[in-house]
Amino acid sequence: MIHFESDSEEAAKRPSRRTPDGNAAGRPIADAALPIADAALPIVLVAAVALIDADGRVLFAERPPGKHLAGLWEFPGGKVQPGETPELALIRELGEELGIDVVASCLAPFTFASYAYPDFHLLMPLYVCRKWSGIVTAREGQRLAWVRSARLGDYQMPPADKPLVAMLRDLL
């Protein structure tokens, strides 16, 4: 059970549990030593997918010019809109960006990334998908690459995506 310190009369009777810097007010005791510098950043929820073809290759998409982190390679996906689940966002994004149809039952939750960029905090669930209908086509001018497991680390990726590559390599 996590207890929260407060300024209540009852808490004043107990010995104070503080971090070495003396600051724990209102923070969970279990997390009291963790930095909270990025707590004010807005959280952006982006769903991503590792599309894996019959040969065990993973699809990467290059971020187009003019977008944040342009020129880096990433897993396909996009922002989750209000009222959407991550699965519905992926179904929508994969249709728009790649011209393929995916059903939610073919999206298997795999892992997630949590990364603080200067202006926002990214929370990105990564799904694995091995079954879809249609032919993968770059519909938004982005470059695409089918990448073998041994070469996944050869592509420059956003910092949030990098740790996911090692986990995916272990899966493959």
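Two strands are taken to pair if DSSP finds at least two bridges between them, where strands (E, at least two residues) and helices (H or I, at least four residues) are DSSP runs numbered from the N terminus. The model is predicted, so local features need pLDDT of at least 70 and side-chain atom pairs count only at pLDDT 80 or more, whereas totals for chains, interfaces and linings use all residues. Residues are numbered from 1 along each chain as its sequence is written, and side-chain values use heavy atoms, with hydrogens and water left out.

In this model β1 and β4 run antiparallel and are joined by 3 bridges; Val46 has Lys79 of β4 as its bridge partner. Both strands belong to an open sheet of 4 strands with mixed pairing, ordered β4-β1-β6-β5. Because β4 and β5 (108-116) stand at the edges with a single partner strand each, one side of each is left without a neighbour in the sheet. On average, neighbouring strands are turned by 20 degrees against each other, direction ignored.

Helix α3 (residues 162-171) lies across β1, β5 and β6 and runs at about 160 degrees to β5.

The largest pocket has a volume of about 660 Å³, and 29 residues line this pocket, with Val46, Arg63, Lys67, Glu74 and Gly78 nearest its centre. Two or more lining residues come from each of β1 (43-51), β2 (58-62), β4 (77-79), α2 (86-98) and β6 (121-129), and β1 gives the largest share, 4 residues.

Definitions and conventions
1 Å grid on protein atoms, 1.4 Å probe; cavity = no way out; pocket = protein on both sides within 12 Å on 5 of 7 lines; lining within 4 Å. Points joined across faces, edges and corners; volume = space filled by probe spheres on them. Axes fitted to C-alpha atoms, helices over the stretch in contact; angles between N-to-C directions. Contact = heavy atoms within 4.5 Å.
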